[in-house]
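Please look through the following structure with the text beside it. The paragraphs take up a few of its parts in turn.

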Amino acid sequence: MARVNDEELQQLAGELGAALLARGWMVATAESCTGGWIGQLLTAIPGSSAWYERGFITYANAAKQEMLGVPAATLDTYGAVSEETASAMAAGALAHSHAQASLAISGIAGPGGGTPQKPVGLVCYGWALADGTVMSSTCRLDGDREEIRSRAVAAALRGLLELIGGKP
């Protein structure tokens, strides 16, 4: 499957921004395998400072612990690529920001790094709201590194849009 095109990503980012702005909310992002792609996409929108609060790029486990408060026990028990870790990242992004919504993403974009239990293309998402709602999801994406990462960005944005009641 092909990479998600820039126009589709920009449209999703714009829809998320409009949904957040309509609620008077801000968002924080916590990214691992996407390396800040979501934050770059959101801040490319003029006026995004009204609804984008901050982003965390936590590629290493130590960064997940230090910047987001992900418990070492969560990483040890479930691994960096798990719904438990993605949920903890999303909750940590809220706890370490002034945002009312957050999204988090962790995965194995390849081409190496996969295992039989956690193959290349496995991506875990976490979303959290200030009211205590925390949701997570896992999917397996096919393709090369660029395709996996672009599709993961799109899925993370769609997930938060759905959670806050914007257009999925």
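Which residue forms a salt bridge with Glu8? In this predicted model, the partner of Glu8 is Arg158, and the closest N and O atoms of the two are 2.4 Å apart. This pair links distant parts of the chain, since Arg158 is in helix α6 and Glu8 in helix α1, 150 residues apart. Arg158 counts as partly exposed because its relative accessibility is 32%, between the limits of 20% and 50%. Glu8 is also partly exposed, with a relative accessible area of 30%.

The structure holds four salt bridges. Another one of them joins the side chains of Glu146 and Arg3, at 2.8 Å from N to O. Glu146 belongs to helix α6 (residues 145–164) and Arg3 to the segment before α1 (6–23), so this pair ties together parts that are 143 residues apart in sequence. Arg3 also forms a salt bridge with Asp6, where the closest N and O atoms are 3.1 Å apart. Through shared partners, Arg3, Asp6 and Glu146 are joined into one network.

The next stop is a loop. Ser32 lies between β1 (27–31) and α2 (37–43). With a relative accessible area of 6%, Ser32 falls under the 20% limit and is therefore buried. Its side chain makes a polar contact of 3.1 Å with the side chain of Lys64. Beyond residues up to four places away in sequence, Ser32 touches Thr58, Tyr59, Lys64, Met89, Ile105 and Ser106.

Met89 leads on to helix α5, where it is one of the buried residues. Helix α5 (residues 83–95) has 13 residues and reaches 18 Å from its first C-alpha to its last, close to the 18 Å expected at 1.5 Å a residue. Other buried residues of α5 include Ser87, Ala88 and Leu94.

Ser87 in turn is in contact with Val134, which also meets Trp127 and Ala128 when neighbours within four places in sequence are left aside. Val134 lies in strand β5 (residues 134–140) and is partly exposed, with a relative accessible area of 42%. The C-alpha atoms of Val134 and Ala101 are separated by 9.8 Å, while the two residues are 33 apart along the chain.

The ring centres of Tyr125 and Trp127 are 5.7 Å apart and their planes are at 10°, so the pair is stacked. Both Tyr125 and Trp127 are buried.

Conventions
Residues are numbered from 1 along each chain as its sequence is written. This is a predicted model: local features need pLDDT of at least 70, side-chain atom pairs count only at pLDDT 80 or more; totals for chains, interfaces and linings use all residues. Side-chain values use heavy atoms; hydrogens and water are left out. Helices (H or I, at least four residues) and strands (E, at least two) are DSSP runs, numbered from the N terminus. Buried means under 20% relative accessible area, exposed over 50%, partly exposed in between (1.4 Å probe, protein chains only). A polar contact is a pair of N or O atoms within 3.5 Å; within protein, one must be able to donate a hydrogen and the other to accept it, and residues adjacent in sequence count only if both atoms are side-chain atoms. Contact means heavy atoms within 4.5 Å. Rings of Phe, Tyr and Trp (its six-membered ring) pair if their centres lie within 6.5 Å; planes under 30 degrees apart count as stacked, over 60 as edge-to-face and the rest as tilted. The expected span of a helix is 1.5 Å times one less than its number of residues.
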